[in-house]
Amino acid sequence: MNKNLVVLGMQWGDEGKGKVIDCLSKKFHYIVRYQGGHNAGHTLLVNDQKIVLHLIPSGVLHKHTKLFLGNGVVISPIDFIKEIDILSSYNISLENRLFISRNCFLVLGYHINMDLAREKKLGKYLIGTTGRGIGPTYEDKVARRGITVGDLFNEDLLSQKLKNNIDYYNFQLNHYYNYSTVKFDDIFLNLIKYKDILLSKVKDIPYLLNYYNDTEPKNILFEGAQGALLDLDHGTFPYVTSSNTTIGGVFTGSGVNLNSINCVLGIFKAYCTRVGSGPFPTELTDELNSYFVDKGKEIGSTTGRRRRTGWLDLVLLSRMVSLNSVSSLCLTKIDVFDGLSEFKVCIGYQNYDDLNVLSMSSSVLDWNSIRPVYKVFSGWKTSLLGITKFSDLPTEAKYYIHYIENFVGVPINIISTGPDRSSIIMVRDIIN
Ligand code: IMP
C-alpha cells in the first residue's frame with residue numbers, strides 16, 4: 001500500500017520543514033508543492049555550500065525524486081528559471097524530474113509593483129509581505145483575469161490578456177498609488193524567452209498523481225509552504241499569506257483525491273517565530289528575543305529580515321493540529337534551548353475561556369488584550385546538539401516533549417536536534 005504524507009508547518013512558517021523533508025525524501029518518489037510561490041524559502045547544503053530555493057521542492061537533492069508544482073502554486077518565471085540554473089550549476093539536473101501544472105498562475109512584474117505599492121500605502125499598518133507579488137497574483141486568479149502557464153501556448157491570447165492586465169494595473173499604480181508602472185514589452189519579451197522551458201515541463205498533475213497512487217507502490221510527499229497560522233482562511237487574518245496553507249490546500253492545489261493521504265506530519269519549533277506584522281501572543285521583546293534570533297539563526301531566508309520570536313504557544317498549536325488532522329508531530333530546534341536554565345510554554349489565555357481565539361473575526365478580537373498563561377520548564381545542563389537517540393535526551397527534555405504530546409494529543413515522532421541532516425531523532429517510523 002502507498003504511504004503518502006503531507007508535511008505542514010504548524011506556526012507562522014520557518015519551522016524547519018526543508019531539512020525534515022530532505023531527511024524523509026529517501027522514502028518518497030514524488031514530492032509535490034501545492035500552494036504559495038517564491039515567498040517560501042529553504043536553505044540546502046550542496047557540497048558544503050548553502051543554496052536557497054524558493055519554488056523547487058525540498059527533495060530535489062535526492063536524484064530518484066520527481067518534483068511537481070501543482071495548480072495551487074504561483075510561478076514567477078524569472079525566479080523559476082533562476083533556480084533551475086543554480087541547481088544545474090551544481091550538476092543537479094531537473095530534466096524529466098520537474099513538472100508543473102498548466103493551471104499555475106504566473107507572478108509578473110505588475111504583481112510585484114502592486115505588492116510593494118500597497119505595503120507603502122499601508123504605512124505602519126503594513127502586512128509585512130515578502131514583496132514577491134504573491135497576494136496580487138492570487139487576487140488575479142480569483143478575479144479570473146490572471147495569466148497561467150497554459151496561456152503561454154497561445155501568444156495572441158497571451159498578448160491580449162497581458163495588455164489588458166497592464167492597462168488595469170498601470171492605471172492604479174500611477175493614479176492611486178503614485179508608484180512606478182511596468183512596460184508591456186519588458187514582460188512580454190521575458191515570457192516569450194522563458195515560454196519553451198516552462199511549457200516543456202507541463203503535465204496533467206491531478207491525473208498523474210492519482211494514477212501513480214492507484215498503480216505504483218511509490219510514496220508521495222506533499223510539501224506545505226509557509227505555516228498554518230498564515231492560512232488565508234484559518235490564520236491570523238489579515239496578517240496572512242494569500243493561499244491555503246492548511247490541509248485543504250493539498251486537495252485544491254494539486255488535484256489529488258481525498259483517499260490518497262495517509263499521514264499528516266505537523267512541524268513546529270520549540271519556540272515560535274514570525275516575520276512581518278500581526279498578532280503574536282507569546283512574543284518576546286527583551287534579551288531573550290535576541291537570544292533566539294542569534295542562537296536559532298532566525299533571519300528570514302527569503303527577505304533577510306530578522307524574525308520576531310516568542311514562547312511556544314500550545315493553544316494555537318492544538319488548534320492547528322486539530323484543524324489539519326495532524327497524525328504525527330515533528331519538533332525542531334530543541335537544541336536552541338541549550339543554555340537556558342528555564343523556559344516557558346503558553347498553556348492557555350487568561351482572559352479567553354474557550355481558547356478558540358482564531359475563530360473570532362479580527363475586528364472583534366483585540367489580540368493585544370490576550371494574556372498568555374505560562375508553564376515554566378527547567379532547562380538542561382548538557383547539549384542536545386546532534387543527539388540521534390531519544391534515550392540520550394536529558395530527563396528535562398523528555399518531560400517537555402511528553403508534556404506537549406499529552407497537551408495536544410498527538411505523538412512527537414521526529415525531533416530535530418541541529419541544522420545538520422544527521423542531527424535528527426526518528427522516535428517512531430511515520431512511513432514504513
Ligand atoms: P506574502 O506571502 O509575501 O504575501 O506575505 C504575507 C505574510 O506571510 C507576511 O507576514 C510574510 O512575512 C509571511 N510569509 C510569506 N511567506 C513566508 C515564509 O515562507 N515564511 C514565513 N513567513 C512567510
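Q: Helices (H or I, at least four residues) and strands (E, at least two) are DSSP runs, numbered from the N terminus; which strands does helix 10 lie across?
A: In this predicted model, local features need pLDDT of at least 70 and side-chain atom pairs count only at pLDDT 80 or more, whereas totals for chains, interfaces and linings use all residues. Residues are numbered from 1 along each chain as its sequence is written, and side-chain values use heavy atoms, without hydrogens or water. Helix 10 lies across strand 12 and strand 14, at about 60° to strand 14. Such an angle, from 0 to 180 degrees, is taken between N-to-C directions of lines fitted to C-alpha atoms, for helices over the stretch in contact.

Q: What makes strand 12 and strand 14 a pair?
A: Two strands pair if DSSP finds at least two bridges between them. Strand 12 (residues 308-313) and strand 14 (residues 342-349) have two bridges, in the parallel sense, so they meet the definition. Leu312 stands opposite Val345 in strand 14.

Q: Why are strand 11 and strand 15 called edge strands?
A: The open sheet has the order 11-12-14-15, with mixed pairing. Strand 11 (271-274) and strand 15 (372-378) each pair on one side only.

Q: What makes a set of residues a nonpolar core?
A: Its members are buried Ala, Val, Leu, Ile, Met, Phe, Trp, Tyr and Cys residues joined through side-chain atoms within 4.5 Å; buried means under 20% relative accessible area (1.4 Å probe, protein chains only). The largest such core has 67 residues, and Phe222, Phe337 and Tyr400 have the most contacts inside it. Helix 10 (residues 314-323) gives the largest share of this core, six residues.

Q: Which residues is Tyr400 in contact with, beyond its neighbours within four places in sequence?
A: Contact means heavy atoms within 4.5 Å. The partners of Tyr400 include Leu312, Phe337 and Val345.

Notes
Buried means under 20% relative accessible area, exposed over 50%, partly exposed in between (1.4 Å probe, protein chains only).
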